[in-house]
Amino acid sequence: MSVPRTLEIPPDEWGRPRTGRQLPWLFLGIVAALLAGRFLLAPQLTDPGLQTWATIFVAICVQALPFLVFGVALSAAIAAFVPEGFWTRALPKRPAVAVPVAGLAGAVLPGCECASVPVASGLIRKGVTPAAALAFLLSSPAINPVVLVATAVAFPGEPLMVLARFAASLVAAVCVGWLWLRFGRSEWLRARGHHHGSFLAAMRHDLLHAGGFLIVGGLAAATLNVVVPREWLTAVAGVPWLSVLVLAALAVLLSICSEADAFVAASLSAFSPTARLAFMVVGPMVDLKLIALQTGTFGRAFAARFVPVTLAVAITASVLVGWILL
């Protein structure tokens, strides 16, 4: 059966794309936007404050991204290759004992706070007691061998500073784990579980998810880094308790990776050793990019309770250990 020739051409009422009329206007719009950016925005890009902001933002992301990839890869490996009951068998049955064991386990895993969040999420999804996983989350970026060696290099001839950092960080991590074990509720903790079919699929999803929150935290940290005047810091260095709180707040705002924060702390020579210890203990446990990662991974209800408790415990542990050892 032959098809009538009139059916080979669509009727006019079907409508046809008018690309010939739209493309010139689209091209002109792009050209106009580029010209406006060239003459209006380009002069602003030479501002020293903006250049400093861009440098800090890029430095935070570049410094943290390798460790984030490492943590995501480890989390994906846990999800894909580790049997369901391995972690529950490896840790003590009693949750109160599992918390310090998990805290000590953080000493053997090199990585920063960006890596610890996806790893802790993977542990919870595998059935580990949340209190133990959270203790590992806090201790891993603070007491692993890479961080301790970096601290020893930053504070040559001061082995007590290395010991104080290890002790205060471990005490804070274990205490927060025990507090969560006693007062935490399961509805506050939303460890996102995604059942992907392969290691690569799990890693790709978690990397895109965590990387977005890392960028958000990096943007906020870079902005605050430029806004806060350095003169404010030197003015409070001589007040003991205020100096501890100021450096703790500075650690939250700067969001420096734990492998590098000891060198920054060592440069703050106007502050007391205890204040600098608080800077190194608080930073790997509470900072802007870590808050963003925790919020995206575990939910707002978790971060709203976990962050202030961790900050208070970390400052208290720093003061007590600093008073004893430093």
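Q: What does buried mean for a residue, and what share of the residues in the protein is buried?

A: A residue is called buried when its relative accessible area is under 20%, exposed when that area is over 50%, and partly exposed in between, using a 1.4 Å probe and protein chains only. In this predicted model, buried residues make up 44% of the 326 residues. Residues are numbered from 1 along each chain as its sequence is written, and side-chain values use heavy atoms, with hydrogens and water left out. Because the model is predicted, local features need pLDDT of at least 70 and side-chain atom pairs count only at pLDDT 80 or more, while totals for chains, interfaces and linings use all residues.

Q: How many aromatic pairs are found in the whole structure?

A: A pair of aromatic rings is described by the distance of the centres and the angle of the planes. Rings of Phe, Tyr and Trp (its six-membered ring) pair if their centres lie within 6.5 Å, and planes under 30 degrees apart count as stacked, over 60 as edge-to-face and the rest as tilted. The search finds four such pairs. In the pair of F302 and F306, the ring centres are 4.7 Å apart and the planes stand at 20 degrees, so this pair is stacked.

Q: Where do F302 and F306 lie, and are they buried or exposed?

A: Helices are DSSP runs (H or I, at least four residues), numbered from the N terminus. Both F302 and F306 belong to helix α15, residues 300-325, where they are four residues apart, about one turn of the helix. Both are buried, and together with W180, W188 and F298 they form one aromatic cluster.

Methods: Helix = DSSP H or I, 4+ residues; strand = E, 2+ residues; numbered from the N terminus.
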